[in-house]
Amino acid sequence: MKIKIDNKEIDVRANQTILNVASEAGIHIPALCHKEGIEPYSSCMVCVVKDKKTNNFIPSCTAMIQDGMDIDASGEEVVYLRKKAVELLLIEHRAECEAPCRIVCPAGYNIPLMNRLLQAGKTEEAIELAVKEISTPRIVCSDCPGYCENACRRKKIDEPVSIRNIMLFVYSNIRRENESDPDNSQDASMQEENLTKKVTNHVRKRFSSRIGKLEQVEQKEWLKECLEDSTRIREITGFTVAGNEASNCMHCDCRAANDCRLRDVAVELNVKDPSGKLVNAPILKKISRSADLIFENAKCIKCGLCVRACEDNKDQPSLCFINRGFISIISEPLTEEFENIQKKKADIYIDVCPTGALTRFS
Ligand code: SF4
Ligand code: SF4
Ligand code: SF4
Ligand code: FES
């Protein structure tokens with residue numbers, strides 16, 4: 001059999017989808033609800049292509065090839081429809097790729113990640129993160145009035161997380177051999193200026209979705225990730241104190257910010273987050289500490305990959321859809337607890353989820 005994709009003639013084997021053939025031929029077609037090895041389902045329509053012989057637009061992840069097909073996989077109409085498909089997903093997507101504290105940080109330090117590491121007692125990893133991010137001998141926080149704390153979402157509930165002092169404390173634990181070398185400090189300030197520009201631009205340039213208004217009724221959900229009844233501490237004197245204060249962070253960022261297919265497709269197609277949301281997906285968080293899994297409903301695009309990935313496995317609680325239409329939602333079975341999801345399954349869910357809806361909690 002022979003087909004054409006974007007005017008390229010390809011010899012093909014029968015029983016393949018257009019997406020498979022294109023990918024084997026090195027032709028890129030974006031896909032969100034599709035993952036190799038999991039039964040295709042066609043819910044997102046991001047992989048749409050045009051059959052030039054019938055003038056039909058078809059999802060390439062499920063459409064099977066036919067001899068003599070002539071496929072347009074990158075024309076104007078196809079790109080237009082892909083953009084519309086992504087916009088439709090974003091119209092109810094209610095989440096932020098980057099947290100407000102990180103967006104305003106002149107150095108773009110990954111504050112929520114630092115808070116997660118400290119909260120989980122991962123001291124070595126927290127120091128490693130600081131070493132990686134603070135690649136000059138001076139931390140930007142020492143000259144910063146604390147823009148991060150001013151932007152901290154926790155401030156809307158009580159008081160901001162003591163981000164600046166946490167960062168200064170962690171930094172004070174990094175040994176720098178060339179710190180006192182005056183020749184180095186000249187270079188360092190230039191390096192630092194460059195780093196500030198580079199990191200901040202990196203964070204700001206990429207696509208970012210938004211939460212919108214922080215509704216009062218949703219506070220309970222936001223606080224689910226925080227330690228209950230914790231005392232607020234401004235002076236950070238040790239890693240335990242840092243961890244306690246960090247556990248007040250609500251993790252407004254997205255844990256999948258650097259590994260999200262929705263974000264990548266939005267960047268690829270130059271789609272902006274729609275300013276008016278058609279439906280505000282409820283902020284709903286479910287946590288299984290034993291499986292180290294968190295589900296965040298507002299980031300879910302209802303692609304069903306998580307459901308399909310484990311549907312044959314009925315012996316342990318698996319994720320499923322409940323409700324219908326706009327209010328349909330991924331859930332544990334109604335007779336089970338989210339906490340009881342197995343670690344093995346959690347790893348599969350995290351691997352298949354194309355967004356930050358199912359991620360590692362810690
Ligand atoms: S799921 Fe993707 S697009 Fe949504 S907030 Fe996370 S990184 Fe951004
Ligand atoms: S609550 Fe945490 S993630 Fe949100 S803005 Fe404050 S420090 Fe950043
Ligand atoms: S949780 Fe992830 S994999 Fe499951 S339906 Fe939502 S976006 Fe898809
Ligand atoms: S990847 Fe084909 S419809 Fe979603």
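Student: Where does aspartate 292 lie?
Tutor: Aspartate 292 lies in the loop between strand S6 (285-288) and strand S7 (293-296). Strands are DSSP runs of E with at least two residues, helices are runs of H or I with at least four, and both are numbered from the N terminus.

Student: What kind of model is this, and how are things labelled?
Tutor: This is a predicted model: local features need pLDDT of at least 70, side-chain atom pairs count only at pLDDT 80 or more, and totals for chains, interfaces and linings use all residues. Residues are numbered from 1 along each chain as written, chains are lettered from A and ligands numbered from 1 in the order written, and side-chain values use heavy atoms, leaving out hydrogens and water.

Student: Is aspartate 292 called buried or exposed, and why?
Tutor: Its relative accessible area is 15%. Buried means under 20%, exposed over 50%, and partly exposed in between, with a 1.4 Å probe and protein chains only. Aspartate 292 is therefore buried.

Student: What is the phi of aspartate 292?
Tutor: Phi is near 55°, a positive value in a residue other than glycine. Asparagine 55 also has a positive phi, about 65°, and is not a glycine. That asparagine sits in the loop between strand S3 (48-51) and strand S4 (56-59).

Student: Why is aspartate 143 called exposed?
Tutor: The relative accessible area of aspartate 143 is 54%, so this residue counts as exposed. Aspartate 143 is in the loop between helix H5 (123-133) and helix H6 (147-151).

Student: How far is aspartate 143 from alanine 246?
Tutor: They are 103 residues apart in sequence. In space, C-alpha to C-alpha, the separation is 22 Å.

Student: Is arginine 154 buried or exposed, and how do you know?
Tutor: Arginine 154 has a relative accessible area of 8%, so it is buried. The place of arginine 154 is the loop between H6 and helix H7 (163-172).

Student: What does the side chain of arginine 154 reach?
Tutor: It reaches the backbone oxygen of asparagine 248 at 3.1 Å. A polar contact is a pair of N or O atoms within 3.5 Å; within protein, one must be able to donate a hydrogen and the other to accept it, and residues adjacent in sequence count only if both atoms are side-chain atoms. Residues that arginine 154 touches include Glu159, Leu223, Arg232 and Met250, leaving out those up to four places away in sequence. Contact here means heavy atoms within 4.5 Å.

Student: What makes helix H4 largely enclosed?
Tutor: H4 covers residues 111-119, and seven of its nine residues are buried, so the rest of the structure largely encloses it. The buried residues include Ile111, Met114, Arg116 and Leu118. Their cover includes helix H3 (100-104), H5, H6, H7 and helix H10 (239-246).

Student: What caps the N-terminal end of H4?
Tutor: Asparagine 110 does. One of its side-chain oxygens lies 3.3 Å from the backbone nitrogen of leucine 113. Just after H4, glycine 121 takes a positive phi of about 75°.

Student: Which residues are around ligand 1?
Tutor: Among them are His93, Glu96, Cys97, Cys254 and Cys260. A residue counts as near a molecule or strand if one of its heavy atoms lies within 4 Å. This shell holds six nonpolar residues, four polar and one charged.

Student: What makes a residue count as nonpolar?
Tutor: Ala, Val, Leu, Ile, Met, Phe, Trp, Tyr, Cys and Pro are nonpolar; Asp, Glu, Lys and Arg are charged; the others, Gly among them, are polar. For ligand 2, the shell has eight nonpolar, one polar and one charged. Ligand 2's shell includes Cys101, Pro112, Asn115 and Arg153. Of the 14 residues around ligand 3, Cys300, Cys303, Gly304, Cys306 and Cys353 come nearest.

Student: How many helices and strands are there in the protein?
Tutor: The protein has 13 helices and 10 strands. Of its 362 residues, 52% are buried.
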